[in-house]
Amino acid sequence: MLNSAKDHPPLISLEDVQKWYGAFHALKSISLSVRKGEKIVLCGPSGSGKSTLIRCINALETIEEGTIVVEGQVLDGSTKSIDAIRREVGMVFQSFNLFPHMTVLQNCTLAPMRVRGASRTDAERLARKYLERVRILDQAEKYPAQLSGGQQQRVAIARALCMEPKVMLFDEPTSALDPEMVKEVLDTMIGLARDGMTMICVTHEMGFARQVADRVIFMASGEIIEEAEPEVFFKSPKHERTKTFLGEILAHH
Amino acid sequence: MGPIGEDELFFLMQGLKWTVLLAIVGFIGGGIFGILIALLRTSKKKVTRTITAGYIGIFQGTPLLMQLFVVYYGVALLGVEVNAWIAVAIAFTLHASAFLGEIWRGSIEAVPKGQTEAANALGLHYGSRMKDVILPQALKISLPATIGFLVQLIKGTSLAALVGFIELTRVGQIISNQTYRPLLVFGIVGAIYFIICWPLSHVGSGLEKRMAKAAR
């Protein structure tokens with residue numbers, strides 16, 4: 001394992017990434033590398049820059065300084081590099097962002113057909129495969145508004161998987177869900193993790209972090225404050241801010 | 001006073017035909033250019049945004065009649081020989097493209113930002129993002145306002161009478177001059193406009209209510 005990690009360059013690497021919103025320094029010198037198959041949980045208080053960080057990886061946000069490399073492709077702001085990276089990176093949003101005027105199946109087939117030029121037959125076969133995997137194939141002909149929040153989020157996961165990405169980014173995927181629906185989405189994510197998907201998850205679900213994360217990263221004020229294996233992270237956090245944060249988060253669970 | 005007989009009614013129907021045709025041409029032409037205006041108005045480039053904003057500003061800030069005159073006499077000044085029909089059709093197309101462009105600009109911007117982000121994250125390019133994701137939703141949002149504008153446009157075609165285009169209102173004028181029954185004739189003309197426009201308005205406000213309900 002160690003050898004193979006050395007042989008292969010990291011799947012994602014961020015070096016000294018800086019981002020400002022006007023005068024607000026949103027990301028301060030972020031460096032992070034993610035190996036293939038690794039599962040990372042990003043947590044931290046709101047406004048700490050964790051969502052911004054993962055949104056920079058697939059160029060939904062631009063960065064002012066530093067380098068981002070995904071699967072050997074340097075993100076240099078060119079359309080070509082953005083396209084190449086978005087082909088490898090899937091994303092799931094807090095508010096699902098399914099296309100409301102399309103059925104579940106159409107949501108899943110659009111990108112494979114338009115971006116990869118797949119035929120409708122192939123795209124639908126692929127879509128059914130991944131809808132089956134998130135256990136929602138029976139709803140394929142419905143529209144998003146006819147589904148519960150948990151079901152919609154599982155469709156969103158399937159939609160991203162249909163592009164067969166090498167990495168999945170999750171931006172607070174359970175934050176907009178009613179409590180009784182959180183589990184079905186987390187279970188789907190756990191399944192994905194077990195199958196070896198490389199994942200970066202912004203989430204406050206500490207149970208999920210304990211169960212699947214290889215590393216937990218704590219961010220505050222745009223900086224990475226602490227990162228550790230979940231065991232160490234939860235048992236003996238080093239920094240005062242991490243302790244305070246964990247105290248608050250765990251008190252609510 | 002002369003009677004209003006079959007011939008007069010037939011003449012009115014002829015006028016109505018041109019009114020409807022002019023409205024359809026203006027609406028379709030305006031629709032095609034309007035989409036273009038809306039896309040340019042929402043583009044990333046500041047130049048195109050500024051130019052289209054100016055275009056919209058000019059057509060929204062001047063009377064339709066003035067626009068008709070300018071195009072009608074302006075086209076003639078260019079040395080191009082065109083009949084009233086072409087000149088009026090061009091004027092209405094320009095007019096409608098500015099108003100529809102602005103309506104659709106607003107609708108495009110009303111589609112939640114998450115839709116663009118999801119499309120981007122999936123790697124969809126501008127063309128597909130607009131055609132498959134944003135415009136279908138924007139069109140739905142814009143339907144009440146678009147229908148409202150269509151009603152305005154249908155009534156606005158009556159101004160074409162002033163440059164000699166023989167449509168419903170102009171026909172009414174002619175018949176009124178022949179029969180000396182202005183009140184009756186324009187009563188009938190008004191009723192015809194109403195029969196066309198009122199159901200459209202009704203459909204528009206119905207859609208608006210339905211969408212307001214769906215948004216809650």
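Author: A helix is a DSSP run of H or I with at least four residues, a strand is a DSSP run of E with at least two, and both are numbered from the N terminus. The model discussed here is predicted.

Reader: How many helices and strands does chain B have under that definition?

Author: Chain B has eight helices and zero strands. Its order along the sequence is α-α-α-α-α-α-α-α. Along the principal axes, the C-alpha atoms of chain B occupy a box of roughly 70 × 50 × 25 Å. Of the 216 residues in chain B, 44% are buried. Among contacts in chain B with a separation of 6 or more, 77% join residues 24 or more positions apart.

Reader: Which residues of chain B are listed as "transmembrane region", and where does that label come from?

Author: The label comes from an unreviewed UniProt entry, which lists residues 20-40, 52-76, 82-104 and 183-201 of chain B. Such annotations may be inferred rather than shown by experiment, so the label is to be taken as the record's own. Residues 20-40 are 100% helix and 0% strand, with end C-alpha atoms 29 Å apart. Residues 52-76 are 92% helix and 0% strand, and their end C-alpha atoms lie 25 Å apart.

Reader: Which residues of chain B does UniProt list for the domain, and what is the helix content over them?

Author: The unreviewed entry gives "domain: ABC transmembrane type-1" for residues 16-204 of chain B. Over that span the chain is 84% helix and 0% strand, and the end C-alpha atoms are 22 Å apart.

Reader: Why is B:Leu77 called exposed?

Author: The term requires over 50% relative accessible area. B:Leu77 has 76%, and is therefore exposed. B:Leu77 belongs to helix 3 (residues 64-77) of chain B. From B:Leu77 to B:Lys155 the sequence separation is 78 residues, and the C-alpha to C-alpha separation is 28 Å.

Reader: How do you know the extent of the interface between chain A and chain B?

Author: The size of an interface is often given as the accessible area lost when the parts come together. Chain A and chain B bury about 1,600 Å² between them, and 61% of that is on carbon and sulfur atoms. A:Arg86, A:Phe99 and A:His101 supply 30% of the area that chain A buries against chain B, more than any other three residues. In terms of residues, the contact takes 21 from chain A and 17 from chain B.

Reader: What makes the pair B:Asp132 and A:Arg114 a salt bridge?

Author: The definition asks for a side-chain nitrogen of Lys or Arg within 4 Å of a carboxyl oxygen of Asp or Glu. For B:Asp132 and A:Arg114 the N to O distance is 2.6 Å, so the pair qualifies. Between chain A and chain B the count is two salt bridges, and seven residue pairs are in polar contact.

Reader: Which elements of chain A supply at least two residues each to the side that touches chain B?

Author: They are helix 3 (79-88), strand 6 (89-92), helix 4 (104-116) and helix 6 (149-161) of chain A. Helix 4 of chain A gives the largest share, four residues. By class, this side of chain A has 13 nonpolar, three polar and five charged residues.

Reader: Why is A:Asn97 called buried?

Author: Buried means under 20% relative accessible area. A:Asn97 has 8%, and is therefore buried. A:Asn97 sits in the loop between strand 6 and helix 4 of chain A. Leaving aside residues up to four places away in sequence, A:Asn97 touches A:Arg159, B:Gly114, B:Gln115 and B:Ala118.

Reader: What makes helix 2 of chain A mostly covered?

Author: Seven of the eight residues of helix 2 of chain A are buried. These are A:Lys50, A:Thr52, A:Leu53, A:Ile54, A:Arg55, A:Cys56 and A:Ile57. Helix 2 of chain A is followed by A:Ala59, whose phi is positive, near 65 degrees.

Reader: Which of the terms, buried or exposed, applies to A:Ala59, and which to A:Arg135?

Author: A:Ala59 has a relative accessible area of 15%, under the 20% limit, and is therefore buried. A:Arg135 has 53%, over the 50% limit, and is therefore exposed. A:Ala59 lies in the loop between helix 2 (50-57) and strand 4 (65-70) of chain A, and A:Arg135 lies in the loop between helix 5 (120-133) and helix 6 of chain A. A:Arg135 has a positive phi of about 55 degrees although it is not a glycine.

Methods: Residues numbered from 1 in each chain as written. Chains lettered and ligands numbered in written order. Predicted model: local features only at pLDDT ≥ 70, side-chain atom pairs only at ≥ 80, totals over all residues. Heavy atoms only, no water. Contact = heavy atoms within 4.5 Å. Buried area = accessible area lost by both parts, 1.4 Å probe. Polar contact = N/O pair within 3.5 Å; in protein donor to acceptor, adjacent residues only side chain to side chain. Nonpolar A, V, L, I, M, F, W, Y, C, P; charged D, E, K, R; others polar. Buried < 20%, exposed > 50% of the residue type's maximum accessible area, 1.4 Å probe, protein only.
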